[in-house]
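Subject: A structure for you to look at

Hello! Here is the structure I promised to pass on, and my notes follow just below it. Have it open on your screen while you read.

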Amino acid sequence: MLQLLIQILMNGLMMGLVYIMMALGFTLIFGIMRIVNFAHGEFYMLGAMAVMLLFSTLGINYFAAVLLAAIIVAVIGMVIERLLLRQFVGRELNGMIMTLAIAITLKAGATIIFGPQEMSIPRPVSGVTNIAGILIPNDRMLVGAIAIAILVLFYFFLRYARAGLAMRAVAQDWEAAALQGIRPQRIYLLSFGIGCALAGLAGALMAPIYTVSPFIGEVPMLKAFIVVILGGLGSLPGAVVGGLLLGVVEAGVATFINTTVATMVSFALVVVILLFRPAGLMGQSR
Amino acid sequence: MTDNPIMLELSGVTKQFGGLTAIGDVSFSTRKGEIFGIIGPNGAGKSTLFNLITGTFPATKGNITYKGESISKLGPEGVAAKGIIRTFQSATVFGNKSLQENIRLGYLFGQLSVPRRFADRSLLSSAREMAETVTDDVLSFCGLADDRHRMAGELAYGVQKTLGVAMAIAAGPTQMLMDEPAAGLNPVETREMGELIRRIRAERGIDVVLVEHDVGMVTRICDRILVLDRGKVLAIDVPEVIQKHPDVIEAYLGADIDLHQV
Amino acid sequence: MKTWKILAGLVLAVALVAWPFFVENRFLIHIATMVCMYALLALSMNLMLRIGQLSLAHGAIMGIGAYTSALVMMSLGFPFAVGFLLSGVVGGLVSLIIGPILLRIRGVYFVLLTFAFGEIVLLTFIEWVDVFGGVNGIFGVPRAQIFGFVLKDKALSYLMALAMAAGGFFLLRAIYRSEFGAIMETLEDDEDLARSLGVNAMAYRLAVFVLSGAMAGFAGGFYASYFTFVSPGAFNFWAAVNLIVINVLGGIASPIGVILGAAILVPLPELFRDAVQYQVLFYGLALIVFLKFMPDGLYGLIGKIRGKRNDR
């Protein structure tokens with residue numbers, strides 16, 4: 001029994017780390033631009049597509065391919081921000097419709113280019129590690145390790161880099177930040193790029209584990225959405241806690257009941273939180 | 001006036017935000033035919049008190065009644081339905097509608113909020129004529145007739161504020177609550193606003209409670225003044241007494257405001 | 001001018017009713033039926049957009065109507081009329097129950113809330129296999145039947161859809177021109193001011209939500225009998241997004257714009273029949289262009305052109 005619980009905890013942790021990467025970008029974009037990015041799952045999909053092209057088609061080293069994929073997705077994201085989203089900063093409803101339109105377009109574009117079929121990518125590592133009876137697939141472990149490294153990097157960036165500090169300042173108080181000479185326009189561009197890069201990274205990392213198709217973005221987007229509301233829209237620590245929580249709860253409910261019920265429970269939780277603690281579990285209630 | 005019936009009455013009203021007491025045990029009552037002013041230095045809790053009376057948020061403790069009926073738990077529309085209509089500190093109008101349409105809506109909403117009058121409020125021509133009559137009447141009463149067809153959002157700030165008052169009058173209140181009617185107005189406009197308020201009482205028979213920062217205007221037009229300081233009642237009296245009240249002067253000196261300004 | 005308008009309206013009405021009996025093209029009639037059904041749905045979404053509360057639950061509410069009608073006919077054995085009526089009633093009733101809770105929340109949080117609610121409804125359809133048939137849904141829903149006529153004939157189904165769309169259109173037009181409409185507008189403009197003058201904002205919002213939910217429910221009831229099957233996939237949040245797209249493209253400001261949006265967007269897939277994805281791509285791109293350059297939609301564009309002509 002204990003072993004089963006630890007196994008569930010490990011599975012939950014692995015998924016939770018991916019959720020966190022999705023949710024951090026989603027919440028960062030909302031916190032800074034006040035835009036709910038319904039296209040966030042599409043950037044995950046683009047990351048997976050890019051890694052497929054670079055790694056399995058062009059034969060570039062897997063790690064280099066993941067890095068390149070993140071950069072490509074970030075650039076695409078920044079172009080989209082500059083051309084389509086900037087005018088919607090702060091106009092929440094129209095901005096949301098715009099991201100829906102972007103999601104539709106990106107998904108259709110990917111289908112036209114890559115076709116609707118599911119494709120698989122060779123795994124960079126294989127096998128299973130057995131630690132005292134707890135089984136962890138090596139590829140999952142690799143994803144977990146890279147995800148942790150990225151999250152630590154992201155933390156130090158926000159904590160110590162000038163751009164990171166500026167981003168946090170803009171998220172907290174736009175006007176005060178502008179008074180201090182921070183140019184919000186550049187921060188929008190940067191944060192949207194970083195948010196997309198995180199989603200693209202998640203997609204690139206998960207691509208060898210699942211199959212790749214133009215439609216793989218929807219589920220991670222839904223998860224990010226749940227995590228972000230659990231943790232509070234716009235809260236970075238909330239995204240981390242919410243991601244871990246969702247990963248573990250889901251793994252538990254999925255093991256003992258089934259995944260549909262697990263999803264239903266998480267959405268019910270979202271409704272309750274939106275109604276009674278709109279600032280999320282971690283945040284101060286308004 | 002001291003024999004007139006009590007209209008608005010607050011007893012032991014307290015409001016706490018978290019652990020902070022914004023309003024502590026405030027009690028007072030206004031009487032029929034009165035213009036009642038509430039003043040106080042910045043941060044004294046004037047806005048909080050105003051929002052409690054208008055039902056914007058509930059009090060932590062205490063009771064608020066109007067003509068003996070409790071209005072503490074009614075919410076803004078419920079308070080309005082009792083014939084108590086508020087105005088706003090900033091110019092608050094329906095900006096993309098004409099000035100006269102704003103006033104017509106004020107009348108219409110005032111009618112809607114009183115259930116017993118619901119029967120008259122049909123599309124019957126008599127009801128429409130009534131709305132037009134009231135609109136014309138309020139337009140001229142407030143001196144807004146010249147601008148009647150202009151978009152409310154395009155009007156000068158002072159005119160928009162007057163329009164806000166006009167909408168409240170059109171709603172047909174027995175009691176008006178005015179949140180800083182002089183805020184943002186120049187001295188000439190402030191004087192005109194004061195004049196309008198006095199005429200609202202004299203010619204329309206509407207009682208007025210106003211919260212104001214401009215002490216000069218309050219002492220000029222109010223019958224009685226309540227001084228609020230740090231959430232508590234410092235004094236309630238006629239303007240002449242308030243102006244000489246040592247505690248009041250001290251409270252205001254702290255805030256660096258000259259009571260005898262204007 | 002006035003009689004000219006009435007005459008034109010009459011001719012249009014006769015043409016709309018009569019054409020399927022002359023043009024016996026089943027495919028065209030099917031498309032026209034879909035235009036009408038989506039017009040009704042988009043009008044129901046228009047009500048919500050008018051009070052500034054964008055709902056992503058409308059796909060799910062339509063689904064509730066569709067499943068209600070299907071189950072009332074198939075499991076309880078009632079005739080179509082009862083099933084159809086209940087589809088709207090239950091759609092409205094569900095809105096009435098959830099409305100007081102959901103409508104307190106505004107802006108983006110309301111959108112997210114309705115999104116989550118819609119997902120819960122869909123997952124319920126999927127999970128509760130005994131009743132709702134799971135992912136596959138329910139097959140063999142009886143066709144619509146009015147006064148003993150089974151609407152097997154496409155033209156009759158079209159007429160029913162046309163009647164529903166026309167009903168929705170005239171209802172909304174009447175509402176927007178009435179004082180109820182004036183109040184709805186002020187709720188979007190400045191709710192605090194409206195409330196301070198005595199408008200019970202929540203009651204009006206709830207009334208709008210219930211009407212909107214009932215319209216979506218009726219559309220669902222029609223859907224179930226027209227396609228003779230229901231499955232959860234048709235009622236996810238993308239269904240609600242489609243309705244928003246129709247509104248944005250047609251123009252939120254007028255019911256005519258909404259009808260126009262449905263009439264242009266619904267047949268679009270047929271232009272790209274060989275490659276559905278090109279249609280979706282076009283759909284997305286058109287929406288992007290409209291949001292960026294034409295925030296007032298097609299109807300606003302027509303208004304602008306007309307305005308310019310009048311200036312001359």
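Before we look at strand partners, one term: two strands pair if DSSP finds at least two bridges between them. The helices (H or I, at least four residues) and strands (E, at least two) are DSSP runs, numbered from the N terminus.

Please keep in mind that this is a predicted model, in which local features need pLDDT of at least 70 and side-chain atom pairs count only at pLDDT 80 or more, while totals for chains, interfaces and linings use all residues. Residues are numbered from 1 along each chain as its sequence is written, and chains are lettered from A and ligands numbered from 1 in the order in which they are written.

Let's start with the sheet in chain B. It is an open sheet of six strands in the order 6-7-8-3-9-10, with mixed pairing. Strand 6 and strand 10 (232-237) of chain B are the edge strands, each pairing on one side only. From one strand to the next, the twist averages 15 degrees; for angles like this, axes are lines fitted to C-alpha atoms, for helices over the stretch in contact, and the angles run from 0 to 180 degrees between N-to-C directions.

Within this sheet, strand 3 (residues 35-39) and strand 8 (residues 207-211) of chain B pair in the parallel sense over four bridges. You can find Ile35(B) opposite Val208(B) in strand 8 of chain B. Helix 6 (residues 187-204) of chain B packs on the sheet and touches strand 3, strand 7 (175-179) and strand 8 of chain B, and its direction makes about 155 degrees with that of strand 8 of chain B.

Chain B also has a hairpin, formed by strand 1 and strand 2 with two residues between them. Gly18(B) in the turn has a positive phi of about 60 degrees. Strand 1 (residues 6-17) and strand 2 (residues 20-31) of chain B pair in the antiparallel sense over seven bridges, and Lys15(B) has Ile23(B) as its bridge partner.

Now for the contacts between chains, where two residues are in contact if their C-beta atoms, placed from the backbone, lie within 7 Å. Chain B gives 18 residues and chain C gives 14 residues to their contact. On the side of chain B that touches chain C, helix 3 of chain B brings the largest share, seven residues.

The contact of chain C with chain A takes 30 residues from chain C and 29 residues from chain A. Helix 5 of chain C supplies the largest share of the chain C side, 13 residues.

Enjoy exploring!
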